[in-house]
Amino acid sequence: MTAWMVRTGHGPAHPNSGRRGTAGREDDAMSRGRGVSRVPGLLAGTAALLTLACGVGVAHGADGGASDAAGGHGVHGAPAAGGPAQEPGGGGDPSRTDDVAAAGGSSWMRAAGVFSPPGSFVPSDALTYDTRLVPAGARIEVTQFADPSGTRVGARLRGLVPGRAYGMHVHTSPCGADPAAAGPHYQHRPAAAADPVNEVWLDFRTDEEGDGRAEALHGWGFREDGARSVIIHDRQGGAGERAACFTVPFGPHGQD
């Protein structure tokens with residue numbers, strides 16, 4: 001089994017845990033604007049999401065052209081094609097866009113959303129539990145390309161704290177108001193310790209504008225419904241407090 005990981009920071013491996021955390025450019029694919037409000041919690045999240053609901057959405061990229069830098073291209077360097085784009089709906093979240101395509105034994109997925117605190121007036125599939133680290137209105141895009149040779153997962157983020165290191169991993173369950181709802185790290189094989197070969201680590205460091213990206217490559221694929229979200233942690237490595245969560249429709253290898 002072979003795995004590669006492209007990330008801007010390193011951290012030590014820690015015992016894997018599903019425990020709850022305590023703390024509560026590039027192109028048009030992510031956003032049409034760079035301004036991110038640092039207004040606390042509910043007000044900022046509601047304003048950002050209501051703006052999106054009125055028509056300022058995140059651009060779609062079902063043809064792969066909108067997501068090149070964050071994994072919109074596959075393991076072999078080409079986007080999946082030949083299948084129709086779909087929008088699963090994102091649970092009524094107006095800030096969210098999903099694209100899915102499948103053909104010839106490969107599949108491509110892109111999901112994008114805007115962070116908002118749990119309980120905001122407009123619901124979101126991207127939840128921030130610590131608005132000091134992941135402000136309301138910050139944006140995330142996650143892509144996955146899968147074929148019989150492996151899986152490539154990419155992530156891009158905007159509007160976070162400038163010049164800061166973050167950890168991020170794929171987790172087993174969808175996000176919830178409780179940070180622990182996302183469950184533990186997704187593991188290819190059950191293990192007591194967390195490591196980037198057996199798991200999908202997407203650690204990154206933001207630039208001077210608070211933007212960041214990461215990518216992970218693995219020679220294996222996700223189990224059906226086994227991977228359901230990404231968690232942003234307050235530090236890099238195998239563990240950390242859960243600062244934010246985004247529910248993502250990860251899938252197994254594409255089917256003919």
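**Salt bridges and burial**

Mentor: Arg96 is buried, because its relative accessible area is 11% and buried means under 20% (exposed is over 50%, partly exposed in between; 1.4 Å probe, protein chains only). This is a predicted model, in which local features need pLDDT of at least 70 and side-chain atom pairs count only at pLDDT 80 or more, while totals for chains, interfaces and linings use all residues. Residues are numbered from 1 along each chain as its sequence is written, and side-chain values use heavy atoms, with hydrogens and water left out.

Trainee: With which residue does Asp98 form a salt bridge?

Mentor: A salt bridge is a side-chain nitrogen of Lys or Arg within 4 Å of a carboxyl oxygen of Asp or Glu. Asp98 pairs in this way with Arg96, with 2.8 Å between the closest N and O atoms. Asp98 is buried, since its relative accessible area is 5%.

Trainee: How many salt bridges are there by this rule?

Mentor: The count is nine. Another of them joins Arg156 to Glu141, the closest N and O atoms being 2.9 Å apart. That pair links distant parts of the chain, 15 residues apart: Arg156 lies in strand β6 (residues 150–158) and Glu141 in strand β5 (residues 139–147). Strands here are DSSP runs (E, at least two residues), numbered from the N terminus.

Trainee: Is Glu141 buried or exposed?

Mentor: Glu141 counts as buried because its relative accessibility is 0%.

Terms used
Helices (H or I, at least four residues) and strands (E, at least two) are DSSP runs, numbered from the N terminus.
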